[in-house]
Amino acid sequence: MNRRYRRTIIAGNWKMNKTPAEARKLVEELKPVIAKAKWCEVVLCVPFVDIPIVVRLLKDTRVAVGAQNLHQDESGAFTGEVSGAMLKGAGCKYVIVGHSERRQYVGETDALVSEKVRAALDAGLRPIVCVGESLPQREMGITKDLVTLQVKTALTGIGVDQLKKIVFAYEPIWAIGTGKTATAEQAAEVCEHIRTVIRKIYGARPARSVTIQYGGSMNAENSEELLSMLDVDGGLIGGASLKAKDFIAIVNAANQ
């Protein structure tokens with residue numbers, strides 16, 4: 001982490017877990033600790049149905065609420081979809097864009113992710129843009145090429161003033177929900193590469209202000225080591241965000 005230039009952000013991604021009643025219970029366990037985090041920002045990215053209750057429970061705290069997806073259009077005949085304006089109006093400050101599970105199961109392309117990034121920014125939301133490679137792609141040695149394409153496409157049409165509102169999350173697909181984790185060195189290498197790609201587009205000063213998270217099975221045991229890496233500015237936490245004790249441990253590691 002490098003707090004001199006950028007903020008550290010720990011974001012929990014609940015995925016398709018927790019009913020509103022279960023969400024209340026978890027937030028009530030988390031709130032006494034995570035609301036006091038001083039040196040890192042904490043975000044809870046929750047299912048759409050949980051947003052109202054989580055926003056209400058976290059009112060008057062520094063903990064932000066995020067969504068896990070948005071539609072690229074402002075409104076229209078898109079049954080089952082939710083727009084950025086709707087999320088903003090519901091109290092969200094962040095939204096995850098291009099998570100690997102959306103890419104894999106729903107067929108989201110790099111071009112669509114780019115549209116959603118712009119939609120999030122237009123709505124006043126901060127997008128957490130996910131990039132990363134599969135195990136076969138890593139074994140082929142094309143991780144950096146793939147991540148470069150994903151980052152450049154996501155930033156298409158984005159000005160330098162908008163760049164500072166974007167968070168990137170490096171999530172090696174082979175380490176999501178598998179219990180496998182990239183080594184601290186592997187995570188740092190790709191996070192550094194993401195910053196290099198941004199620097200080549202926007203220059204050194206804007207690039208060093210961008211928060212880049214690691215998002216592949218960060219947990220209570222490995223978070224301190226991962227967060228000690230210079231270009232790892234936080235985490236996008238999946239399974240561990242559903243367990244109060246584990247998520248609190250990660251927030252505490254980032255808050256040192």
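Reader: Which residues is Ala220 in contact with, leaving aside its neighbours within four places in sequence?
Author: Ala220 is in contact with Asp246, Ala249 and Ile250. This is a predicted model.

Reader: Where does Ala220 lie?
Author: Ala220 lies in the loop between β7 and α11.

Reader: Buried, exposed or partly exposed?
Author: Ala220 counts as partly exposed, because its relative accessibility is 25%.

Reader: What about Ser217, where is that?
Author: Ser217 is also placed in a loop, the one between β7 (212-214) and α11 (223-227). Its phi is positive, near 60 degrees, although the residue is not a glycine.

Reader: And Lys15, what is its phi?
Author: Lys15 has a phi of about 55 degrees, which is positive, and it is not a glycine either. Lys15 belongs to the loop between β1 (9-13) and α1 (20-34). Lys15 counts as partly exposed because its relative accessibility is 21%.

Reader: Back to the Ala220 contacts. Which residues of α12 are buried?
Author: Helix α12 covers residues 244-254, and its buried residues are Ala244, Phe247, Ile248, Ile250, Val251, Ala253 and Ala254. Ile250 is also one of the residues in contact with Ala220.

Reader: What covers the buried residues of α12?
Author: The cover includes β1, α1, β2 (41-45), α11 and β8 (234-237).

Reader: Why would residues three or four places apart in a helix point the same way?
Author: An α-helix has 3.6 residues a turn, so residues at that spacing point the same way.

Reader: Zoom out. How many helices and strands?
Author: The protein has twelve helices and eight strands.

Reader: Why does the radius of gyration agree with a compact globule?
Author: A compact globule of 256 residues would have a radius of gyration near 18 Å, and the protein has 17 Å, so the two agree. Along the principal axes, the C-alpha atoms fill a box of roughly 45 × 45 × 35 Å.

Reader: What share of the residues count as buried?
Author: Of the 256 residues, 54% count as buried. The protein exposes about 11,600 Å², and carbon and sulfur atoms supply 52% of that area.

Reader: What share of the contacts comes from residues 24 or more positions apart?
Author: Among contacts with a separation of 6 or more, such pairs account for 74%.

Reader: Now α5. Why does its span agree with expectation?
Author: The 13 residues of α5 should span 18 Å at 1.5 Å a residue, and the end C-alpha atoms are 19 Å apart, so the span agrees.

Reader: Which of its residues are buried?
Author: In α5 the buried residues are Asp110, Val113, Ser114, Lys116, Val117, Ala119, Ala120 and Leu121. Their cover includes β4 (94-97), α4, β5, α7 and α8 (160-163).

Reader: What follows α5?
Author: Gly124 follows α5, with a positive phi near 85 degrees.

Reader: Where is Arg126, then?
Author: Arg126 is placed in strand β5. Arg126 counts as buried because its relative accessibility is 14%, and buried means under 20%.

Reader: What does Arg126 touch, not counting residues up to four places away in sequence?
Author: Arg126 touches Arg7, Ile9, Glu41, Lys93, Tyr94, Val95, Lys164, Lys165, Ile166 and Val167.

Reader: Last one. Is Ser134 buried or exposed?
Author: Ser134 is buried, with a relative accessible area of 18%. Ser134 is in the loop between β5 and α6. Not counting residues up to four places away in sequence, Ser134 touches Ile173 and Trp174.

Definitions and conventions: Residues numbered from 1 in each chain as written. Predicted model: local features only at pLDDT ≥ 70, side-chain atom pairs only at ≥ 80, totals over all residues. Heavy atoms only, no water. Helix = DSSP H or I, 4+ residues; strand = E, 2+ residues; numbered from the N terminus. Rg over C-alpha atoms; globule rule 2.2 N^0.38 Å. Buried < 20%, exposed > 50% of the residue type's maximum accessible area, 1.4 Å probe, protein only. Contact = heavy atoms within 4.5 Å. Areas by Shrake-Rupley, 256 points an atom, 1.4 Å probe, with all protein chains shown as cover. Expected span 1.5 Å × (residues − 1).
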